[in-house]
Amino acid sequence: MTAAIEISGLRKIYPGSPPVQALRHADLTIQDNEFFTLLGPSGCGKTTLLRLIAGFEIPTAGALNLFGEDISYLPPERRPINTVFQHYSLFPHMTVLDNVAFGLKRLRKSDAEAKKVAQEMLDLVHLAEFGSRKPSQLSGGQQQRVALARALAPHPRVLLLDEPLSALDLKLRQSMRTELKRLQKETGITFVFVTHDQEEALAMSDRVAVMSQGEIQQIGEPATIYEYPENKFVAEFIGDANFFHAKVLGGTNYGLPNGETLVGPDIGAEVGSTVTLFFRPEKINLRTSGSGLAGTVSEILYLGNSTDYLIELTQGGTTTVRSENHKDGTALAEVGADVRVDINPAAVRVLIK
């Protein structure tokens, strides 16, 4: 595969007292024609990294290559990169068609060519019949698609998207995920998407980089990030998880503080060392009898297609079990019921950092 973006030792420090290390040390390769997502909480450095790729910020250290060319200090207008921001910044006095054609005219394309390409882009985003309207006559989702069409019109080699769906309501965000994925595949352009929404990242991306405190914590395909996180931050930030501190007893056996043993994968850790066990709420079972960790149902949260059962464990601490709702709406247990949390060894993951 061809590398679209290669980042090596990239850092960004903003001057101040004290200085702010927005990006500590980033090493990253994004492939051509990849939908790549930078995911993390506010202030983690993801937007700083995006702005460095765009050329809106100059790196403090490190190198940034685009298709083999060093662009670390190249101004934004000389990079074959376009950006779609959270706020669409459409020109209110222009028609939709003229908004899309605007960038092309700045590239000194003729009026006829600019309008031809703009119309093609509106076709691509399913807004062909809206070219004569003003932005104020469109819905939020339609305005977002116009902004996408405008960014795609000059045929950039890379499209950067800075939380472009955050201003939309839930249903519209969900439909736009499908739309963005379709556009990326149809155009063949490398998309670099920034979001704090885990579900968005998992649903849309070929690969995800999870960031925290200016550092990349893990890079991988969505299923790998979710099923095999490399540290507690990733496990906790991506979806929901239950955590237990444990000591390695040897092989696949791990001892809990109360003396009970859980079985998990053998990671070859030193006997007696401390690790963190975690498992997803939907991967464990709630039973009213039999084997498992003993506890009492303290709270029930109905989520529509599933229900969360919060369990106060007899051994101390709490855990959450998520169960898909039955067709008849029957609950697995009531608040106050004594239950057992059955943990399949295949659901257990072991974290050593």
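The buried residues of helix 4 are Gly141, Gln142, Gln144, Arg145, Val146, Ala147, Leu148, Ala149, Arg150, Ala151 and Leu152, where buried means under 20% relative accessible area, exposed over 50%, and partly exposed in between (1.4 Å probe, protein chains only). The structure is a predicted model, in which local features need pLDDT of at least 70, side-chain atom pairs count only at pLDDT 80 or more, and totals for chains, interfaces and linings use all residues. Residues are numbered from 1 along each chain as its sequence is written, and side-chain values use heavy atoms, with hydrogens and water left out. Helices (H or I, at least four residues) and strands (E, at least two) are DSSP runs, numbered from the N terminus.

Because 11 of its 13 residues are buried, helix 4 is largely enclosed by the rest of the structure. The cover over these buried residues includes strand 6 (81–84), helix 2 (96–106), helix 3 (111–124), strand 7 (158–162), helix 5 (170–187) and strand 8 (190–195). Helix 4 covers residues 140–152, and at 1.5 Å a residue its 13 residues should span 18 Å; the expected span is 1.5 Å times one less than the number of residues. The end C-alpha atoms of helix 4 are 18 Å apart, which agrees.

In helix 2, the buried residues are Val96, Leu97, Asn99, Val100, Ala101 and Leu104. These residues pack against helix 3 and helix 4, with contact taken as heavy atoms within 4.5 Å. An α-helix has 3.6 residues a turn, so residues three or four places apart point the same way. After helix 2 comes Arg108, with a positive phi near 70 degrees. Ala112 belongs to helix 3 and is exposed, its relative accessible area being 61%. Between the C-alpha atoms of Ala112 and Val192, which are 80 residues apart along the chain, the separation is 31 Å.

The chain as a whole contains 8 helices and 20 strands. Its C-alpha atoms fill a box of roughly 75 × 50 × 40 Å, taken along the principal axes. Of its 353 residues, 46% count as buried. Among contacts with a separation of 6 or more, 63% are between residues 24 or more positions apart. The accessible surface comes to about 16900 Å², and 49% of this belongs to carbon and sulfur atoms. Accessible areas come from the Shrake-Rupley method with a 1.4 Å probe; for residues, only the protein chains shown count as cover.

Pockets and cavities were located on a 1 Å grid over the protein atoms alone. A cavity is a set of points where a 1.4 Å probe fits but cannot get out, while a pocket is an open set with protein on both sides within 12 Å along at least five of seven lines; lining residues have an atom within 4 Å of a point. Grid points are joined across faces, edges and corners, and a volume is the space filled by probe spheres set on the points.

The largest pocket has a volume of about 840 Å³. It is lined by 26 residues, of which Ile81, Asn82, Thr83, Gly103 and Arg106 are the closest to its centre. Strand 6, helix 2 and helix 4 are the elements that give two or more residues to this lining. The largest share, 4 residues, comes from strand 6. By class, the lining has 15 nonpolar, 6 polar and 5 charged residues; Ala, Val, Leu, Ile, Met, Phe, Trp, Tyr, Cys and Pro count as nonpolar, Asp, Glu, Lys and Arg as charged, and the others, Gly among them, as polar.

The second largest pocket holds about 210 Å³ of space. Its lining consists of Gln198, Glu199, Leu202, Tyr226, Gly239, Asp240, Leu303 and Arg322, which divide into 3 nonpolar, 2 polar and 3 charged. Helix 6 (residues 198–204) gives the most to this lining, with 3 residues.

The count of cavities of 30 Å³ or more comes to 1. The largest cavity contains about 40 Å³ of space and is lined by Tyr226, Glu227, Phe278, Phe279, Arg280, Lys283, Ala347 and Arg349. Helix 7 (222–227) and strand 14 (274–279) each supply at least two of the lining residues. The lining divides into 4 nonpolar, no polar and 4 charged residues.

Ala337 lies in the loop between strand 18 (318–324) and strand 19 (338–342). With a relative accessible area of 24%, Ala337 is partly exposed. Leaving aside neighbours within four places in sequence, Ala337 is in contact with Gly295, Thr296 and Val297. The C-alpha atoms of Ala337 and Ile311, 26 residues apart along the chain, are separated by 9.6 Å.
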